[in-house]
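The structure comes before the text.

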Amino acid sequence: MLTVNRRHSIHKQFQATRDRQICRAWRVERHDKTGRQHRSARWVLAITGLRKPTCTGRMIKKCSLAVIGKVSAPASRIQEKKKKPSFLHSNFGSMYEYIACYAKNFKLSPPFSVDVTTAGKKYPLNNSGNSLSTLLFPSGSVTFSKKNETYYPCDMSEGNILTELLDKVQVVEYKNVNEFRLKGEFRYSQSRLNEIIESNDVLTITKSPFRPNHVRSGGEIKKMHNHLSPSTYNVGTNEDASSELEEILGGDFFDNPKPFSLVSTLCKAVTHDDLNSVVFDFFSGSGTTAHAVMELNAEDGGNRQSISVQLPEKLEENSEAYKAGYRTIADITRARIEKVIAKLKAEHPEKTEGLACANFTLAPSNFKVWNSDISDPGAIRQQLDALQNTEKHADEQTAMLTELLLKNGLGALGVHAVSKPRKLACGVTVHRVLREDDRYLWLCFEPYVDALRDEIVSASPAQVIMLNSCFVGTQGDEQLSNLQLELAAQDINLLVI
Ligand SMILES: C[S@@+](CC[C@H](N)C(=O)[O-])C[C@H]1O[C@@H](n2cnc3c(N)ncnc32)[C@H](O)[C@@H]1O
């Protein structure tokens, strides 16, 4: 699972045909505000399903290198995979497996978190065993339980807790009117205490002997710990995953699915700071990640997108899945995604208007590319002729659209456009992509008609991409020239390929 901040773009050599999925060799890059391109530091990768922890580092590095370049050492999380141990191992009953989590740079990645701190939770300042120090509490910084009271310097130690009040404290209207010092074994340094006071968190002392508490205002990120089990994060086991999948697809069609709750917890943990993230799973199997992303969005109103990659690995002819009509694992991935979309659309019609999925198969480019290696005049002439129409299959609109979008750095946004084409009043179908600057990009591959120009002008998208072959017939060149002039006058960029 790779999460991608939405500002990032994904491109290079994604070649798609209309029909079915799969992509390979994605290079993931990001553009910063200056437009400079650089490798992102924030890719987070979590791969589930590692069976041999000893060889996973190398294995995963190999796969992730293909995708994101050099990666730093992984952090690992431990998943309780079974409720009852498996005794296949000669020495132990095995109950756990490991999940490797990669970040290009962990320092720049937000912590894994599925929770925030609770408002009003008290944290004692005393921490027996820490070294002795003296803390200064400025006037008015502590809230006392007594309205008005005076306390005198004295030893306030009890049992293992060492505390000495070094100054007289006068409390008026629940606050200390003067500053005072406490000596003891404290959790915080003076500078941390000052930060707490400045942040307007509350410090309380309820009685004598003084045991100050820091009362958190709450809402801060709570860092997740690395044991994922039914008892820690209410995460299911692999046994649960099989029955979940059986419930969705109606049969035991896939070995080693991951439990929905585990993947959902991981997705939530890595996208909590950006609900517009793109979650990328390049070993998607039964499609648990895409399922988790869609459910999370329905739950918290997020707009995460998900890209699932699965090899069209052939199913055994005697398998249950084959008998049910599936031919490859990729068929199972798609089937689950489609079923979940249908279920969510029925359950939450108001939240799922834009929910859609497009499938692609990796294939050679839909566009012919100039070959600069040839020098023979005859061959060059032949190539020139061939490139009169740059696209190979004029009917493969969706595939061309996707390729163009990816090459324009609009991959994830583009997939949405692919799945929602729009037929205009003039009868021409266009694909629309809402860009980051809130303006539209239109793509059109159908024959040009004059009424299309009027519709473009009235909608005023930022850019229009069309194919050379949209301008056909004797009027073609003239139509193109006029369209170019007209759109330029309206400040609409026209790109003809
Ligand atoms: C353990 S499964 C993933 C399970 C998935 N998380 C789920 O919940 O269903 C691993 C998947 O990776 C796929 N796979 C294995 N080697 C691959 C490769 N070299 N490239 C792409 N996919 C691969 C397999 O087909 C399998 O579906």
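## Strand 16 and its hairpin

In the hairpin formed by strand 16 and strand 17, 2 residues lie between the strands, and E173 takes a positive phi near 55 degrees. Strands are DSSP runs of E with at least two residues, and helices are runs of H or I with at least four; both are numbered from the N terminus. This is a predicted model, in which local features need pLDDT of at least 70, side-chain atom pairs count only at pLDDT 80 or more, and totals for chains, interfaces and linings use all residues. Residues are numbered from 1 along each chain as its sequence is written.

Strand 16 and strand 17 (residues 175-176) run antiparallel and are joined by 2 bridges; two strands pair if DSSP finds at least two bridges between them. V172 has K175 in strand 17 as its bridge partner. Strand 13 (residues 149-151) is also antiparallel to strand 16, with 3 bridges, and E149 is bridged to V171.

An open sheet of 5 strands has the order 26-27-28-29-30, with mixed pairing. Strand 26 (422-423) and strand 30 (493-496) each have a single partner strand, so one side of each is left without a neighbour in the sheet. Strand 28 (residues 440-444) and strand 29 (residues 463-466) run parallel, joined by 4 bridges.
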